[in-house]
Amino acid sequence: MAKQGQTSGQRQQGKGHDSKRLEGLTVAATEAVNRTPAGKGLPPVHLWNPPFCGDLDMRIASDGTWFYMGTPIGRPALVRLFSTILKREDGKHFLVTPVEKVGIRVDDAPFLAVEMQNEAGDRGRLLRFRTNVDDWVPCDSTHRLRFEMAGDGGLTPYLHVRADLWAKVTRALYYDLVDMGEERMVDGQPMFGIESGGEFFAMADAKQVRDAV
């Protein structure tokens, strides 16, 4: 919706300014990724502390879709690029390059866990999750699962991806986790949860789970 008092020309000028900002951000992000040594993974966003340059009209919806100025970003490669320079500080999300930091909106979690592999390792079961930007994340002591109450009374799992960034696990994968779940004593209380990477991630009180079945 247009801001009150804006003329059509001013609105078009604002859109043009945002487009130039996006182009500049894309170029800076590409250069930062290209400068990252091969095999070193993602750009070192945690080392960058550029000036804040305002908010960008970009949003990550709860289903993982990225929007720019209200329109879905249809290029997976561009979404992947932006995901590599994503950073969270004080509860807000930013896209960060060595020269600028812009704020974006995130409805829930910035990533979505869309695929899961169940592997057998030296420490027992190891679950690996693929995000919607094609990162594979092992579920272990470094990348933990947490479970939050959903609006329908169920649980929503989240997987720690990196730094303070999380991936919401899809409902289909949640049901798979429940099927693999088991009861264990945690701090003297029977809990229902899932084991992965030598860790046990409690979902809920075991009695509540039994009563719900």
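User: Is phenylalanine 52 buried, exposed or partly exposed, and why?
Analyst: This is a predicted model, where local features need pLDDT of at least 70, side-chain atom pairs count only at pLDDT 80 or more, and totals for chains, interfaces and linings use all residues. Residues are numbered from 1 along each chain as its sequence is written, and side-chain values use heavy atoms, with hydrogens and water left out. Buried means under 20% relative accessible area, exposed over 50%, and partly exposed in between, with a 1.4 Å probe and protein chains only. Phenylalanine 52 has a relative accessible area of 46%, so the residue is partly exposed.

User: What kind of aromatic pair do phenylalanine 52 and phenylalanine 94 form?
Analyst: Rings of Phe, Tyr and Trp (its six-membered ring) pair if their centres lie within 6.5 Å; planes under 30 degrees apart count as stacked, over 60 as edge-to-face and the rest as tilted. The search of the whole structure finds three aromatic pairs. In this one the centres are 5.9 Å apart and the planes stand at 85°, so the pair is edge-to-face.

User: Which strands hold phenylalanine 52 and phenylalanine 94?
Analyst: Strands (E, at least two residues) and helices (H or I, at least four) are DSSP runs, numbered from the N terminus. The two residues are 42 apart and link distant parts of the chain. Phenylalanine 52 is in S1 and phenylalanine 94 in S5.

User: Which residue lies over the face of phenylalanine 94?
Analyst: A charge sits over a ring if NZ of Lys or CZ of Arg is within 6 Å of the ring centre and within 35 degrees of the ring normal. Phenylalanine 94 itself is buried, at 8% relative accessible area. At 4.8 Å from its ring centre lies lysine 101.

User: Are the rings of tryptophan 66 and phenylalanine 82 stacked or edge-to-face, and why?
Analyst: Both residues are buried: tryptophan 66 has a relative accessible area of 2%, phenylalanine 82 one of 0%. Their ring centres are 6.5 Å apart and the planes are at 25°, so the pair is stacked.

User: What is the order of the strands in the open sheet?
Analyst: Two strands pair if DSSP finds at least two bridges between them. The sheet has six strands with mixed pairing. Their order is S3-S2-S1-S6-S5-S4.

User: Which strands stand at the edges?
Analyst: Each edge strand has a single partner strand, so one side of each is left without a neighbour in the sheet. These are S3 (71-72) and S4 (86-89).
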